[in-house]
Amino acid sequence: MVSPDRRLDEASAILAITTRLNQANTPPVQRVQDLLQKLYEADSRRRALAPNVAKLSMDHELRALRNDINAALSRYSWTPVVTSILNLTPVSAWSPAVAQEVGSESGLNPDPLMPLWAKIHGGKHGPDEEWEPLAIWYLVHRGHWLRYRRCKECNQWFYARTDFQTSCTTACRQKFAARDSEFKKKRAQYMKKRYHAQKEADRKAMARLARRAK
Ligand SMILES: [Zn+2]
């Protein structure tokens, strides 16, 4: 059972992440977008190849993507820190400065991640340079990246409530479906036309051969 507080925190995090992804176009935001894009690319390739483990393990493109992802990740350093005196298991903070800050607080918070969650609230404002490591930590380290996607209709970043959601709103989903079915209809018409044209060409060729054989 998720506590109402935690839900509130998640709602703020979603807003803090998607707002910045959609509004800012600075190098820090661009880096987060690029990394997400690479993760999606690698993940969809992995899924496509997954039924064949031998093929998957030998795939050069997937390895190249993995190397790109690692190169992009190498600029971030997470710092382990004990935030609570009630729970001595260290958590990873997204920067040494943040580790120092949360590690010197009262330490009475029963949930050692709460101070970090609170940071996500703050992440809505601050400069993009401060938002970047926080966003990477939240999206990659905490494993939320799969839910932050680009709408296939309008290209806006949004938070997917389900695995299958690929459009940001119902309106976008319907628009995409309409275009998609229009595209499929046109393609079907084209294939039908092409089939008949080919059949006609074959018939003529056969007729020519028959005449020549006489
Ligand atoms: Zn959309």
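**Exercise 1. Find which residues of H2 meet which residues of H4, and state how the two helices are arranged.**

Step 1. On the H2 side the residues are Arg 31, Asp 34, Leu 35, Lys 38, Leu 39, Glu 41, Ala 42, Arg 45 and Arg 46; on the H4 side they are Glu 61, Leu 62, Leu 65, Arg 66, Asp 68, Ile 69 and Ala 72. Two residues are in contact if their C-beta atoms, placed from the backbone, lie within 7 Å. Helices (H or I, at least four residues) and strands (E, at least two) are DSSP runs, numbered from the N terminus.

This is a predicted model, in which local features need pLDDT of at least 70 and side-chain atom pairs count only at pLDDT 80 or more, while totals for chains, interfaces and linings use all residues. Residues are numbered from 1 along each chain as its sequence is written.

Step 2. H2 and helix H4 (residues 60–73) pack at an angle of about 155°, and their axes are 10 Å apart. Axes are lines fitted to C-alpha atoms, for helices over the stretch in contact, and angles run from 0 to 180 degrees between N-to-C directions.

Step 3. H2 is therefore roughly antiparallel to H4. Angles under 35 degrees count as roughly parallel, over 145 as roughly antiparallel, 65 to 115 as roughly perpendicular and the rest as oblique.

Step 4. The crossing of H2 over H4 is left-handed. A crossing is left-handed if the near helix is turned anticlockwise from the far one by less than a right angle, and right-handed if clockwise.

**Exercise 2. Describe in the same way how H2 packs on H7.**

Step 1. The angle is about 20° and the axes are 8 Å apart, so H2 is roughly parallel to H7.

Step 2. H2 passes H7 in a right-handed crossing. The contact residues of H2 include Val 32, Leu 35 and Leu 36, and those of H7 include Ala 135, Ile 136 and Leu 139.

Step 3. Leaving aside neighbours within four places in sequence, Ile 136 is in contact with Val 32, Leu 35, Tyr 76 and Trp 94.

**Exercise 3. State which residues of the largest nonpolar core touch the most other members, and which elements supply the core.**

Step 1. The core has 24 residues, and Ile 17, Ala 93, Ala 135, Ile 136, Tyr 138 and Leu 139 touch the most other members. A nonpolar core is a set of buried Ala, Val, Leu, Ile, Met, Phe, Trp, Tyr and Cys residues joined through C-beta atoms within 7 Å. A residue is buried if 20 or more other C-beta atoms lie within 10 Å of its own, exposed if 12 or fewer, and partly exposed in between.

Step 2. At least two residues each come from helix H1 (4–23), helix H2 (27–49), strand S2 (91–93), helix H5 (96–103) and helix H7 (128–141). H7 gives the most, eight residues.

**Exercise 4. Separate the buried side of H5 from its exposed face.**

Step 1. Val 98, Ala 99 and Val 102 are the buried residues of H5. They lie on the same side of H5 because they cover an arc of only 105° around the axis; the arc is that of the directions from the helix axis to the C-beta atoms.

Step 2. Pro 96, Ala 97 and Gln 100 are exposed, on the face turned away from the buried side.

**Exercise 5. Classify Asn 22 and Asn 155 as buried, partly exposed or exposed.**

Step 1. Asn 22 lies in helix H1 and counts as partly exposed because it has 16 C-beta neighbours inside 10 Å.

Step 2. Asn 155 is in the loop between strand S3 (148–150) and strand S4 (157–159). Asn 155 has 10 such neighbours inside 10 Å, so it counts as exposed. Its phi is near 75°, a positive value in a residue other than glycine.
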